[in-house]
Amino acid sequence: KQWYQRRVRGLSTLFNILKHDTTHTFLTSDRFDTVLPVLLDLVGSTELSSLLPALTELPIAANNPRLWKQFNFQLLSRAKSPDVRTRQDVVSLYLEFVIKMGQSYSDLLADSLPFIAELLEDSDDGVEGTVKSVVEKIEEVTGESMDQHL
C-alpha cells in the first residue's frame, strides 16, 4: 500500500512539473527518452486516474513534433498487448492525448491509422467502443471524416 501511495504522489508531482513548465526547459529530449518508457511500463498495472495526467502531459510539455511521434508510436504499440485492461488503458490514454494535442494531432494521423484500424476490430467491446470515441474526436479535431481512412 505504501509503495502505491508513493507512486501516486510521484505521478502527481511529475504532472505538476510538466504542467507548469511553461518555458519548456525541464523536459529535454534526454529526459523525455528516460521518462516515457517508465510511464508506459505502468500502463495496465497502475490505476488509470493516477497515470493519465502525467502520461498525457508528457508530449505536451515536450513541445517537439519528433517527440510527439515517438510518444504516439510507443503508446499505440502497447495496444498490441493480449491484456484487455492494458488495451483499454492505452485507448483511454490515447483519447486524452488526442484531446490535448488538438489541431497539432493532424501531423500524427497517418502514423496512427494502422493501429486505430486494428483496434476498431478488437475482441473486447469496451476497447472497441472507446476507439470509436477516439475516431469521433479525431474527426472533430481534424475536421475530416475517417471513413475513407478506416
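Which hand does the crossing of H4 and H5 have, left-handed or right-handed? The crossing is left-handed, a term for a near helix turned anticlockwise from the far one by less than a right angle, with clockwise giving right-handed.

This is a predicted model, in which local features need pLDDT of at least 70, side-chain atom pairs count only at pLDDT 80 or more, and totals for chains, interfaces and linings use all residues. Residues are numbered from 1 along each chain as its sequence is written, and side-chain values use heavy atoms, with hydrogens and water left out.

1. H4 and H5. Helix H5 covers residues 84-101, and its axis comes within 10 Å of that of H4, crossing at roughly 160°. H4 is therefore roughly antiparallel to H5. Helices here are DSSP runs of H or I with at least four residues, numbered from the N terminus. Axes are lines fitted to C-alpha atoms over the stretch in contact, and angles run from 0 to 180 degrees between N-to-C directions. Angles under 35 degrees count as roughly parallel, over 145 as roughly antiparallel, 65 to 115 as roughly perpendicular and the rest as oblique.

2. Residues between H4 and H5. The H4 side of the contact consists of Trp-68, Phe-71, Asn-72, Leu-75 and Leu-76, and the H5 side of Val-90, Leu-93, Tyr-94, Phe-97 and Met-101. Contact means heavy atoms within 4.5 Å. By class there are nine nonpolar residues, one polar and no charged. Ala, Val, Leu, Ile, Met, Phe, Trp, Tyr, Cys and Pro count as nonpolar, Asp, Glu, Lys and Arg as charged, and the others, Gly among them, as polar.

3. Gln-70. This residue lies in helix H4, residues 65-77. Gln-70 counts as buried because its relative accessibility is 19%; buried means under 20% relative accessible area, exposed over 50% and partly exposed in between, with a 1.4 Å probe and protein chains only. Apart from neighbours within four places in sequence, Gln-70 touches Phe-32, Asp-33 and Leu-36.

4. H1 and H3. The axes of helix H1 (residues 2-19) and helix H3 (residues 48-62) come within 8 Å and cross at roughly 30°, so the two are roughly parallel. H1 passes H3 in a left-handed crossing. Tyr-4, Val-8, Leu-11, Leu-14, Phe-15, Leu-18 and Lys-19 of H1 meet Ser-50, Leu-51, Pro-53, Ala-54, Glu-57, Leu-58 and Ala-61 of H3. Eleven of these residues are nonpolar, one is polar and two are charged.

5. Glu-57. Beyond four places in sequence, Glu-57 is in contact with Phe-15, Leu-18, Lys-19 and Lys-100.

6. H6 and H7. Helix H6 (residues 109-119) and helix H7 (residues 125-142) have axes that come within 10 Å and cross at roughly 150°, so H6 is roughly antiparallel to H7. The crossing is left-handed. Leu-109, Ile-116 and Leu-119 of H6 meet Val-127, Glu-128, Val-131, Val-135 and Ile-138 of H7.

7. Asn-63. In the loop between H3 and H4, Asn-63 has a positive phi, near 50°. Asn-63 is partly exposed, at 45% relative accessible area.
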